[in-house]
Amino acid sequence: MIRRFAVLVPALLVLTACATPAPPQLGADGRPLPQIYRISEADTAAVQFRMLDGVNALRQARGVAPLSFSAELNAAAATHSRDMAVQNRPWHFGSDGSSPIDRVRRVGYRGTLLGENISETFETELETLAAWSAEKRTRDVLIDPQARQIGVAWFQEPNGKLWWTLITGT
C-alpha cells in the first residue's frame, strides 16, 4: 500500500505540473499581449444577443423603450461589415457609393433608418459597445427614443480584425 502511494504521489505531481497553464506572453511594455477574440458561426446568436442586451440596458437606464432585432437590419449590417473589410476602411458608404439608407432599402426594410454605428477593431462586442457608449454621437444612435429595431453584424478577417455595424430603425 505504501509502495503504491509512493508511486502515485510523484505521478500526480508530474501530471499537475503538465496541466498548469503557461504564463501569458508579455510585450515590450511588460503588459500581457492581447489574445485574438475569435467569433465562430456557432457564436453568432449569442454575440448578437449580448449586444442587444447591452444596448437595451443603456436604453433602460435612460428610460427608453427596448429594441428588438430586425432580420432586414441584421442583413444590411452584415453586408456593410463585409464591404468595409473589402475597402479596408471604416466608413458609412459602400464600395458602390451606397449610403446606409440605400442598404436598408435593398434588404426590404420598411421602417425608417435612424442611425448606424461602425467600428474597425480587435475588440469584443461588449468592448465595442462600451466605446460607442463613451462618445456622444454614437451613444445617441444607441439611445434614440424613436428607435424600435436594431440590426447587428460583423465581419472577421483571418487576422482577427472585426468590422462591426449596428443599425437602428423605427
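# Report on a predicted model

The largest pocket is lined by ten residues named here in chain order: His92, Glu116, Asn117, Ile118, Ala131, Trp132, Glu135, Arg137, Thr138 and Val141. Strand E2 (113-121), helix H5 (125-134) and helix H6 (136-142) are the elements that give two or more residues to this lining. The lining divides into four nonpolar, three polar and three charged residues. In this grouping Ala, Val, Leu, Ile, Met, Phe, Trp, Tyr, Cys and Pro count as nonpolar, Asp, Glu, Lys and Arg as charged, and the others, Gly among them, as polar. The volume of the largest pocket is about 210 Å³.

This is a predicted model, in which local features need pLDDT of at least 70 and side-chain atom pairs count only at pLDDT 80 or more, while totals for chains, interfaces and linings use all residues. Residues are numbered from 1 along each chain as its sequence is written, and side-chain values use heavy atoms, with hydrogens and water left out.

A pocket is found on a 1 Å grid over the protein atoms alone, as an open set of points where a 1.4 Å probe fits, with protein on both sides within 12 Å along at least five of seven lines; lining residues have an atom within 4 Å of a point. Grid points are joined across faces, edges and corners, and the volume is the space filled by probe spheres set on the points.

## Overall layout

The protein has six helices and four strands. Helices (H or I, at least four residues) and strands (E, at least two) are DSSP runs, numbered from the N terminus. From that end the elements run α-α-β-α-α-β-α-α-β-β. Of the 170 residues in the protein, 38% are buried; buried means under 20% relative accessible area, exposed over 50%, and partly exposed in between, with a 1.4 Å probe and protein chains only. Among contacts (heavy atoms within 4.5 Å) between residues at least 6 apart in sequence, 67% join residues at least 24 apart.

Helix H2 (residues 44-61) has 18 residues, and its end C-alpha atoms are 26 Å apart, which agrees with the 26 Å it should span at 1.5 Å a residue. The expected span is 1.5 Å times one less than the number of residues. The buried residues of H2 are Val47, Gln48, Met51, Leu52, Gly54, Val55, Asn56 and Arg59. They pack against strand E1 (68-69), helix H3 (71-87), H5, H6, E3 and E4. After H2 comes Gly63, with a positive phi near 75°.

Helix H3 has 17 residues and reaches 24 Å from its first C-alpha to its last, close to the expected 24 Å. Among its buried residues are Leu73, Asn74, Ala76, Ala77, His80 and Ser81. The partners of the buried residues of H3 are H2, E1, helix H4 (100-106), E2, E3 and E4. H3 is followed by Asn88, whose phi is positive, near 55°.

## Salt bridges

A salt bridge is a side-chain nitrogen of Lys or Arg within 4 Å of a carboxyl oxygen of Asp or Glu. By this rule there are six salt bridges, including those in the table.

| Pair | N to O distance |
|---|---|
| Glu120 and Lys161 | 2.7 Å |
| Glu135 and Arg137 | 3.7 Å |
| Asp140 and Lys136 | 2.7 Å |

Glu120 counts as partly exposed because its relative accessibility is 35%. Lys161, at 13%, counts as buried.

Both members of the pair Glu135 and Arg137 also line the largest pocket. Glu135 is partly exposed at 43% relative accessible area, and Arg137 is exposed at 60%.

Asp140 and Lys136 are four residues apart in helix H6, so about one helical turn separates them. Asp140 has a relative accessible area of 32% and is partly exposed, whereas Lys136, with 53%, is exposed.

## A loop residue

Ile36 lies in the loop between helix H1 (2-19) and H2. With 48% relative accessibility, Ile36 counts as partly exposed. Not counting residues up to four places away in sequence, Ile36 touches Asn159 and Gly160. Ile36 and Thr124 are 88 residues apart in sequence, and their C-alpha atoms are 9.5 Å apart in space.
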